[in-house]
Amino acid sequence: MTPLTVVGIGADGWTGLGEGARAALRDAGVVVGSRRQLELLPGELAAERRALPSPLEPFLDELAATDTEGICVLASGDPMLHGIGASLARRVEAGRLRVHPHPSAFALACARLGWPAAEVELVSAVGRPVAVVARLLQPGRRLVAYVTGAEGARSLARMVTDRGFGPSRLTVLERLGGPEERLIESSAEAFDADADPLHVVALEVRAAVGVLARGLAPGLPDDAFENDGQLTKRHVRAVTLAALAPMPHSLLWDIGAGSGSIAVEWLRSEATATAVAVERDPARAARVARNAEALGVPDRLEVVPLAAPEALVGLDVPSAVFIGGGLTEPGLLDACWAALRPGGRLVANAVTLEGERTLGTIQEEYGGALTRIEIAHARPLGGFTGWRAQMPVVQWEARKP
């Protein structure tokens, strides 16, 4: 098929483009971009100008399928960094895109602030809940967030403050690279203003006094999750996540999700992973969604409020499956094993004798390893201290050939 050309353009417009990008625009028959981007082009360009439609996804599908020559798409900054170029790259074969990048807003923000870019996290809240930034709220972290609209910086500041990180240094960077560039220094808790629609936000994360930060390593404290007791406890959860081994772009099925703690920690551990939480109780299913929102992963979790195995029909093929509830449901383990991607992992936990018997039977059929996890906590005992045991957990872990 004919090549698709994507040109990154900044607030500096035509003057900031390299000669290759300018030549691509001169040769184009049609240039597609936002109205703001199209207005940055010189009037003498012969190409027809078309505004990007909304919603964008159907247009990108159509563009990827077309074989028309001479189409050039404008993108903000670096098209392959959370941009339209990256969206097209997921739709077309390798080598079809011709990309002319411009310095990204991320690169310009790091340059203005004197931050080594390799030590800064980038997160996009464009088209996603601003809560996705919450995953990265750890003191000492520097991050740049892409946001949308004049309310973007204010919404982010409120979210950060509500989670106990109001003292964080917040910098709003408007129209980076253009003649009207402006930086606004504040703290998250003090910022309460509209910004230029073309802006990004930089954060140096600081916690308020007494706020306990949540790391990204599996094993968050149990009270990090809203729950009704249906919760894989902290130490068992850490062992379970180690067995599931989150990998880039991998999909987890969390069956009998309860509070969703396994799915949520899976997503926090790997930024490109996705998960489906299957929980038939409507109240618990709603709770799973709230926990994902609170802990910064609402965009990558799908909650299915139905019973397994019926709920599994039509779901994408998983890279890993965790069964925490409904283990003795007839046909569930077999259905999960059949659905699992070759090389994928299946992990199941049992706390009842009936569940243990089920795992023993399935281990004989499919192989894998059985592990008994026993944990005790020191608790007051009269005037002394003694050990109080949790219920033991039997875990089956297997990898599909």
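Predicted model: local features only at pLDDT ≥ 70, side-chain atom pairs only at ≥ 80, totals over all residues.
1. R169 is partly exposed, at 24% relative accessibility, where buried means under 20% relative accessible area, exposed over 50%, and partly exposed in between (1.4 Å probe, protein chains only). The side chain of R169 meets that of E185 in a salt bridge (3.3 Å, N to O), the term standing for a side-chain nitrogen of Lys or Arg within 4 Å of a carboxyl oxygen of Asp or Glu. This pair links distant parts of the chain, with E185 in strand β9 and R169 in strand β8 (residues 169–174), 16 residues apart. E185 is also partly exposed, with a relative accessible area of 46%. Helices (H or I, at least four residues) and strands (E, at least two) are DSSP runs, numbered from the N terminus.

2. Residues are numbered from 1 along each chain as its sequence is written, and side-chain values use heavy atoms, with hydrogens and water left out.

3. Side chains of opposite charge can pair when their charged atoms come close. The count of salt bridges comes to 29. E204 forms one with R206, the closest N and O atoms being 4.0 Å apart. Of these two residues, E204 is buried, with a relative accessible area of 14%, while R206 is partly exposed at 42% relative accessibility. A network of salt bridges links R142, R169, E185, E204 and R206.

4. Another salt bridge joins the side chains of R154 and D194 (2.6 Å, N to O). Here too distant parts of the chain are linked: R154 lies in helix α6 (residues 152–162) and D194 in the loop between β9 (182–187) and β10 (199–204), 40 residues apart. R154 is buried, with a relative accessible area of 12%, whereas D194 is partly exposed at 47%.

5. Strand β1 (residues 4–9) deserves attention: six of its six residues are buried, so β1 is largely enclosed by the rest of the structure. In a regular strand the side chains alternate between the two faces of the sheet. In β1 both faces are covered, with L4, V6 and G8 buried on one side and T5, V7 and I9 buried on the other.

6. Which strands are joined to β1 by bridges? Strand β5 (residues 97–100) runs parallel to β1 and is joined to it by four bridges; strand β4 (residues 71–76) also runs parallel to β1, with five bridges. Two strands pair if DSSP finds at least two bridges between them. V7 has H100 as its bridge partner in β5, and T5 has C72 as its bridge partner in β4.

7. R90 is found in the loop between α4 (84–89) and β5. R90 is exposed, with a relative accessible area of 68%. R90 and A64 are 26 residues apart in sequence, and their C-alpha atoms are 9.5 Å apart in space.

8. The aromatic residues form a further topic. A pair of aromatic rings is described by the distance of the centres and the angle of the planes. Rings of Phe, Tyr and Trp (its six-membered ring) pair if their centres lie within 6.5 Å; planes under 30 degrees apart count as stacked, over 60 as edge-to-face and the rest as tilted. The count comes to two aromatic pairs. One of them is the tilted pair of W337 and W396, 6.1 Å centre to centre with 35 degrees between the planes. It links W337 in helix α10 (residues 332–339) with W396 in strand β19 (residues 393–399), 59 residues apart. W337 is buried at 10% relative accessibility, and W396 is buried at 0%. Together with Y366, W337 and W396 form one aromatic cluster.

9. The second largest pocket has a volume of about 860 Å³. On a 1 Å grid over the protein atoms alone, a pocket is an open set of points where a 1.4 Å probe fits, with protein on both sides within 12 Å along at least five of seven lines; lining residues have an atom within 4 Å of a point. Of the 39 residues that line the second largest pocket, Q230, G256, G324, G325 and V351 are the closest to its centre. The elements that give two or more residues to this lining are β11 (251–255), α8 (261–269) and β15 (345–350).

Terms used
Points joined across faces, edges and corners; volume = space filled by probe spheres on them.
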